[in-house]
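Me: I would like to go through this model with you. Could we begin with the aromatic residues?
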Amino acid sequence: MAAQKINEAHEHIAKAEKCLKTSMTKWKPDYDEAASEMAKAAVAFKNAKQFEQAKDAYLKEAEYHTENKTYPSAHQAYEQAGMMLKDMKKMPEAIQLIEKASIMYMENGTSGTAGIALDRAGKLIEPMDLEKAVDLYQKAASVFENEDRLRQAAELLGKSSRLLVRLRRLDEAAVSLQKEKNMYKDIENYPTCFKKTIAQVLVHLHRADFVAADKCVRESYSLPGFSVSEDCVSMETLLAAYDEQDEDEVSRVCNSPLLKYMDNDYAKLAISLKVPGGVSGKKKKAPAAPQGGSAGPAEQDDDYEGGLC
């Protein structure tokens with residue numbers, strides 16, 4: 001079966017080469033038919049699992065489409081060549097070709113297709129290179145934002161935000177979350193804005209920026225329904241407990257179903273949140289006031305001050 005497909009592919013290549021020849025009666029190469037034959041050759045190689053040869057055939061197809069000025073088809077061929085590299089486990093080269101295709105899509109007025117290609121590339125590279133995946137998701141989000149397709153842009157920013165948290169790039173995650181939340185507000189998806197507020201609070205508290213966390217909640221009061229939501233009550237309770245260094249209450253809120261069943265990266269922020277200066281599992285208490293005029297512990301003479309020696 002594989003040998004038959006390989007022979008079939010070579011027959012299509014021979015036909016493509018014939019299409020490019022000129023003569024006294026044929027002055028111009030037939031790039032359209034040559035591209036069609038190369039596409040058939042690529043599919044035959046692919047079915048025979050000859051991915052290297054399939055990739056080369058797709059690149060030739062892209063070249064012929066470019067000569068013929070059928071640019072959308074050229075972009076698709078480059079993307080298919082990238083997918084062959086993916087099947088060969090050559091992921092960086094695959095991503096490079098898919099990015100090239102996405103740039104060409106944008107240059108020729110098909111930005112939506114470019115965004116889809118970048119998203120696909122991000123999914124491919126994410127298991128092995130989070131940094132590159134963040135870059136691709138952000139580029140895809142920017143493409144959709146420029147097209148005023150805010151729902152798709154927000155979803156891609158959401159992927160980027162979660163990976164930034166996983167990478168512990170929390171300052172960038174905070175910026176990404178704010179932009180994401182603004183987009184959901186613009187399309188009036190207020191329940192998702194509530195969840196983004198929780199994510200913001202967790203990120204800011206891990207950044208040790210209580211003021212920024214509190215500001216996110218206060219700004220969310222303008223969102224319809226937020227002030228009477230479970231999300232609002234939970235965040236007000238968390239911030240009050242954090243401010244009072246009440247670790248028992250912080251732990252209770254962070255282990256509640258509302259936070260534990262968020263996206264995994266944010267759930268991990270919740271269960272790992274600690275109160276600075278506190279003792280795990282205990283509420284930090286102020287020193288008791290002196291009674292009966294006697295000096296407190298800090299004022300009493302310590303016979304062993306400085307140690308036993």
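**Aromatic pairs and the core**

Reply: Tyr64 counts as buried, at 6% relative accessibility; buried means under 20% relative accessible area, exposed over 50%, and partly exposed in between, with a 1.4 Å probe and protein chains only. The model is predicted, local features need pLDDT of at least 70, side-chain atom pairs count only at pLDDT 80 or more, and totals for chains, interfaces and linings use all residues. Residues are numbered from 1 along each chain as its sequence is written, and side-chain values use heavy atoms, with hydrogens and water left out.

Me: How many aromatic pairs does the structure hold?

Reply: There are four aromatic pairs. In one of them, the ring centres of Tyr31 and Tyr64 are 6.3 Å apart with planes at 35 degrees, so the pair is tilted. Rings of Phe, Tyr and Trp (its six-membered ring) pair if their centres lie within 6.5 Å; planes under 30 degrees apart count as stacked, over 60 as edge-to-face and the rest as tilted.

Me: Where do Tyr31 and Tyr64 lie?

Reply: Tyr31 is in helix α2 (residues 31–47) and Tyr64 in helix α3 (residues 51–67), 33 residues apart. Helices are DSSP runs (H or I, at least four residues), numbered from the N terminus.

Me: Next, Ala74. Which residues does Ala74 touch?

Reply: Leaving out residues up to four places away in sequence, Ala74 touches Ala62, His65 and Thr66; contact means heavy atoms within 4.5 Å. Ala74 is found in helix α4 (residues 71–87) and is buried, with a relative accessible area of 0%.

Conventions
Helix = DSSP H or I, 4+ residues; strand = E, 2+ residues; numbered from the N terminus.
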